[in-house]
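Here's a quick walk through one model, from its loops to its sheet and its core. Have a look at the fold before reading on.

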Amino acid sequence: MTQQDRSTYVITDPTQILAALVGLKEVKVLHLERRGPDVELAIEQLVGEVRCPTCGGLAQVKDRPVVRYIDLPVYGSPMRLCWRKHRMRCGNRRCPKRSWVLGDRRIAAKNCLLTTRAAKWATRQIGDGRTVKEVAAELACDWHTVNDAVSTYGEALLEADPSAAVPFGMASRPGRPCGLVQRLATRSRCYRSKVAS
Ligand SMILES: [Zn+2]
């Protein structure tokens, strides 16, 4: 596909339209459901042959746990991403690996209750000066959920590019994730002094 094709394409297949609207790679959309004020989007990963990370043996699906994440609002309604995961088990009886759950950081990082796109958006909002309380209200979730996600992604941002975090440290105000702001401010100073020396 050329650059021009990507910017002017037409999709007519309903499944592809839905996948394009959802904007997640290598997933199948199971359903979109309204539950009171919330909209829930259910997905699963497109999984091919899975090998055991310990012995390389062929893995089998053990069960399908469902995990819910806070996603970006859709047309003003809070959205939840309902991810029907794959818990796998190794087919080799002598293998010490019992079971593991398939993940995809593009959808959601481990131990984060926000989807990756929601966590990135929340981190940008906090970086632009909004409070955790404001962002949590917009996502219709708990203060701690946003604070934890923003701390995780703020740290990752700083690891990737220390200069990108300078605005976080410079713009501390009540309601910001204080631990993160302090850490970012400290590291930003280190970074600036390194650059200056
Ligand atoms: Zn194995």
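Where does asparagine 111 lie? Asparagine 111 is in the loop between strand S7 (99–101) and helix H3 (116–127). Helices (H or I, at least four residues) and strands (E, at least two) are DSSP runs here, numbered from the N terminus.

Some housekeeping on the numbers. Residues are counted from 1 along each chain, as its sequence is written. This is a predicted model, so local features need pLDDT of at least 70 and side-chain atom pairs count only at pLDDT 80 or more, while totals for chains, interfaces and linings use all residues.

**Positive phi**

Most residues other than glycine have a negative phi.

The scheme is simple: 20 or more other C-beta atoms within 10 Å of a residue's own is buried, 12 or fewer is exposed, and anything in between is partly exposed, with C-beta atoms placed from the backbone.

**Hairpin and sheet**

Tyrosine 75 sits in the loop between strand S4 (66–74) and strand S5 (77–84). That hairpin has two residues between the strands. S4 and S5 pair in the antiparallel sense over seven bridges, with isoleucine 70 opposite arginine 80 in S5. To count as paired, two strands need at least two DSSP bridges between them.

Zooming out, four strands make an open sheet of mixed pairing, in the order S1-S2-S5-S4. Strand S1 (27–35) and S4 are at the edges with a single partner strand each, so one side of each has no neighbour in the sheet. On average, neighbouring strands of this sheet are turned by 25 degrees against each other, direction ignored. Those angles are between axes, lines fitted to C-alpha atoms (for helices, over the stretch in contact), and run from 0 to 180 degrees between N-to-C directions.

S1 pairs with strand S2 (residues 38–45) in the antiparallel sense, over eight bridges. Within that pairing, lysine 28 has glutamate 44 of S2 as its bridge partner.

**Core**

The largest nonpolar core has 23 residues. Such a core is a set of buried Ala, Val, Leu, Ile, Met, Phe, Trp, Tyr and Cys residues joined through C-beta atoms within 7 Å. Leu114 and Ala122 are among those touching the most other members. S2, S4, S5, H3, helix H4 (132–139) and helix H5 (143–160) each supply at least two of the residues.
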